[in-house]
Structures are given as structure tokens and as C-alpha cells.
Amino acid sequence: MQIYREILDQVFQKEIALLQSGKEEMNNPLYIGNELLPKYQELLKEYEKLLKVSRKVFLISDSQGKILKRREYEIKNLLDNTNQGFLTFGQDLLVDTEYSVECKRIFGKKVANANIIDLLCIDNPDSKERMEKVLEMVFHANSLNTRKQYLLQLPSIIDINQKSIEVAYKYIEETESAGKQVLVILTDITEKLESKAQIEFLSNYDSLTGLFNRAYIDKIIFEIVRPANLPLSVIVGDMNGLKLINDTFGHAKGDQLIINAARVLQECCRELGIVARWGGDEFLILLPNTNQEICQKIEDKIAKACQETPPNPIELSIAMGNATLEDPETTFSEVFNNAENKMYKKKLVESKAIRQKIIADVQKRLQTSSFTNEGHINRIQKVAIQFAKFLGCSVTSTEVRNLKLLAALHDVGNLAIPQDILCKPGKLTDEEWEIVKRHSEIGYRMGLSVGESTVAEAILAMHERWDGSGYPSGLKGEQIPFISRLLAIIDTYDVMTHDRIFRKAFTREEALEEIRLQSGKQFDPTLVKAFLEQADILFPYVSNVFFSFLVLRVFRNITNPRISPVINNR
């Protein structure tokens, strides 16, 4: 308040000085007894009262002005944060005022004094004439209700600068300060419509493949199962090996396999029926006006197309069953169950062959991979069977069968490890080494996925050590599966005696000596003793002048996990 008083004193400086001068004059002895003195005193009192009132009025007006300005700012701030555009235009169709920043965002410019028709019809010029006629009727109508009815004829959603804008109109009656006006409220609903379209899409379509989904089939099935569409054939399909791909190579590869399957189904059934993704790895095909014979041909066509699809990472395979609805009295559920039962029966009968095919695909991929030495799998399989026979195992035994499969798949986990790490010529970082060590667990999951639990356990234990210092579980001694202990020796010998990206091959003598030195540490001492006794039979000695002798003691001092195959046998 003190500040306001100082400001008022400055504003009324002359008036205050005049009042003060008058008071001093009244006290002058020269004017004592003057008959005009009382009137002058009365006039001075009234002037002082008037000055006080003027100061109060000024103070109130200034305060009210500040309040009004604050309220104006608050209202504008409120409008700016509603994400809506507000503007008014009059009978001349020119924008009087834009009340929020959203107007500028929507139109891309300030719109004061712009023609409202040009603004609202920027993306649809053909509607200008119609809008102009309606607005003319609005401003010339005789009643408020009539004006409201005319405003309802204006479009409620329009496109402005590639944005979808919801538009609301409100007529404002004429006042003393302003003529007839229309308030326009603009709301950008582009994202809302896109979200709605996305929701509608996902309610009917599978987001991964773009095929119809189960919810959509449930909606239309009663329309499909009509006499006009009989015979109606159904094919139910279930992908083979998807769990293996997800467990071994990750869900991204599994998703790609699903997409490939969807593409094959669409191409084989184009314009013939409806293809839907029924579940995670299941598909459904509805074929109206299709008899059993044609349905079977379509199923055969799909099976052939799967075989012709390049493996990624394994051959595409779908177990299928079909059935045909011919009698209107038969329900769709009965036909569907019939097709599904055929599919599961076929999957059961073919499961062994399918597993063998998947394993063969994985073996082929391993043999052609950049991290596996050419012929490695075949060599260790051959030596492993010979060594097992020497140990008294029958060639036809389950143990030898599992040993052979372990030899084929023990490195399968490496297929999921980044190639730049596996083929890195230099030393691995601690982080890279941890990534490499994951291949045992990945191989274990792959073994389980193809129904080979015993082999899966053996894969997991391939890098365990006799002294308990291996990974991933720290198993010790005979806790490690027998076939893992046996193959670990053979695998290590083969790795050491062949060139690798990060080092040259060792001689036969060097490799055998290192295996002997690791007896009781990395390897089962009993098996090492038998292996060394049979070395001349398992690995006939052939001199090679091109191999230079490397000092074994130097080799044993090397601790780089990328150089010493005995330490980690990658």
C-alpha cells in the first residue's frame, strides 16, 4: 500500500501542492477580517475532499485493472491448455479473435481477419459454396432455434492440413459491444481416430501376421456356416518346431517362422477362403463351397509350398488336418473338432520323423556354420562310437545312440550366439565370455524341445569339469553324465588338432599330452587312461613335416580362454 501512496502522490503532485499553498494562504495575517475568507476556506475544504475521492477512485481503478488483466491471463492460459482451438467470426465471415494457441497449431498460422470458409475448407475446396450458403442462412435467420438447426448442417469433422479436426459451432447473440458472431471450437482428433482404427484392426486381425484372428472368426462363423456356402471345408494347422526355434534362437526368429507360415497359407488359399491365426502356433482355414477332394489338394499344396520355402532357420513344417461340412444339420464345432483330431493324430504319427528332420536341419546348419570346423561333427561321431565300443558299449544301445546325437548337437547353442563374438580373432572380454557360456543352456533347451531330455542334460554338462570348476552348474566327478565326460575328451582332441580362427592346429602328440595333463582336472581320469591307450587306433599316427613342434609348457601357461581349447573347449 505504501508503494501505491507514493505513486498517487506523484500523480496528484500539482493538486496536492495547490491544496498546501491554499492552506498556507489562509493563515496569512493580511487576510484576517476579509469577508471572502470564510468562503475561500469552505472552497478549500471541498477541494481537499474532492482530491481524496479522486485518489481513492484512481486506486480502485488501478487495482481492478490489474485484477482484470490477471483474470484475462488465467482464462487464456486455461484455453491454451485445453488442446482446443477457439475463435469467433462475424457476418462478414472474417475471424474476429483467436482465443488459444491451438488455432495456430491447427492452421499453421495466425488466423485473425482470415476468411473462415477458406480456413475450414482448405483440404476440401468443393464444400466452400455449401458452407457459405449455410452461414448466410444462419446470420439471416429470425430465431435462435432456426440458427442452431442451420449450424447442425455444417460438417462436424473436417480435414485441415492432413489432420482430422472435430468442429463445434455456437451462435452468439448481438450485444452493444459486438455484432452477431459464431464461436467455433476446434479439436484435433487425429490420434484418437488412429487409435480407434488400431483397436478395430486388432479386434479383427493378428498384429504379427496380418491374418484374421480368432475373435473375427467367432463373429462371422454364423454367416459362413450357411446352406449357400456348403460344402464348407476346414483345415486346421499346427506349426512344427516353433518351441525349438523360440528356445534356441529366440522369439524374434520364432516370429519370423510364424510370418513365413502365414505367407504360405495366404498364397496357397488366395481368393479361395479365409485364413486366420487361431492361436500361438495354430492356423485355421475356412473354404466355402469347397468339397473334400479340393480341400485335400489345397492341403497338399500347402505342404509342398512349406518344403519349397528356404529354411529360416529350419524348414517350415505345418501339421494339418481337414474336414468338410456337407450336412446343414452338422454343427461347425463337430467339423472343426474332426479336423483338429486328424491334425493331432498326424502330428503324433509323424512326430518322430519331424524331430529327426528338425535335428537334421540343425546339424546341417551347424556343419555349414563359420565357427565349426569342416567335418568336425562326423569325425567326433565316428571316434565316439569306436571309443564307446572299446569301453564295452553295444553299438545298438540307447547310450551309443544318445552319444551319437550328443556329438551332433553339443554345439547347437552356438547358433544363437552372435557370430562376431564366436569368430573374434582376439581375446574375449569378460562380458563376451559370459555370452559364449550361455550356449550350454541354449543347447539344453533345444534338446528338450525335440524331446531328447537325456541328450539335453548331456549338452548342458559338456563344459563341466571333473574337479568341479566347470560351468554352468559346477558338477563334479561322476555327477557329470557319462556320455558328456566321454565326448568332452574326443571333442577337445579334435578342436586342438584342427585350425581355428584364433589359432593354428596342434600336433597329435601335443594334443594327447595336454589331455593326459588334464586327467583328474578337466577330464575323467579313467576315461583319459582308456583314451590314451586307444589313441593309436582312434587316431592313427601320420607324420607331418609341416607341423612345427610347440613347447607344451608354454601352452599350459596360456590362460586366454580364446586360445586354450582345453580350458573351455569351444
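This is a predicted model: local features need pLDDT of at least 70, side-chain atom pairs count only at pLDDT 80 or more; totals for chains, interfaces and linings use all residues.
Three elements each supply at least two lining residues: helix α12 (292-308), strand β10 (318-325) and helix α13 (332-367). Helix α13 gives the most, with seven residues. By type, the lining holds 10 nonpolar, seven charged and four polar residues.

## Aromatic pairs

How is a pair of aromatic rings described? Two values do it: the distance of the centres and the angle of the planes.

The model has 12 aromatic pairs. Take Y205 and F212. Their ring centres are 4.9 Å apart, and their planes meet at 25 degrees. Planes under 30 degrees apart count as stacked, so this pair is stacked. Y205 is partly exposed, with a relative accessible area of 29%. Y205 and F212 also belong to a cluster, linked by ring pairs, together with F201 and Y216.

## A pair within helix α13

F332 and F336 also form an aromatic pair. Here the centres are 6.2 Å apart and the planes are at 35 degrees, and the pair is tilted. Both residues lie in helix α13, four residues apart, so about one helical turn separates them. Are they buried or exposed? Both F332 and F336 are buried.

## A charge over a ring

The charged end of K437 sits over the ring of Y471. The distance to the ring centre is 5.3 Å.

Methods
Residues are numbered from 1 along each chain as its sequence is written. Side-chain values use heavy atoms; hydrogens and water are left out. Ala, Val, Leu, Ile, Met, Phe, Trp, Tyr, Cys and Pro count as nonpolar, Asp, Glu, Lys and Arg as charged, and the others, Gly among them, as polar. Rings of Phe, Tyr and Trp (its six-membered ring) pair if their centres lie within 6.5 Å; planes under 30 degrees apart count as stacked, over 60 as edge-to-face and the rest as tilted. Buried means under 20% relative accessible area, exposed over 50%, partly exposed in between (1.4 Å probe, protein chains only). A charge sits over a ring if NZ of Lys or CZ of Arg is within 6 Å of the ring centre and within 35 degrees of the ring normal.
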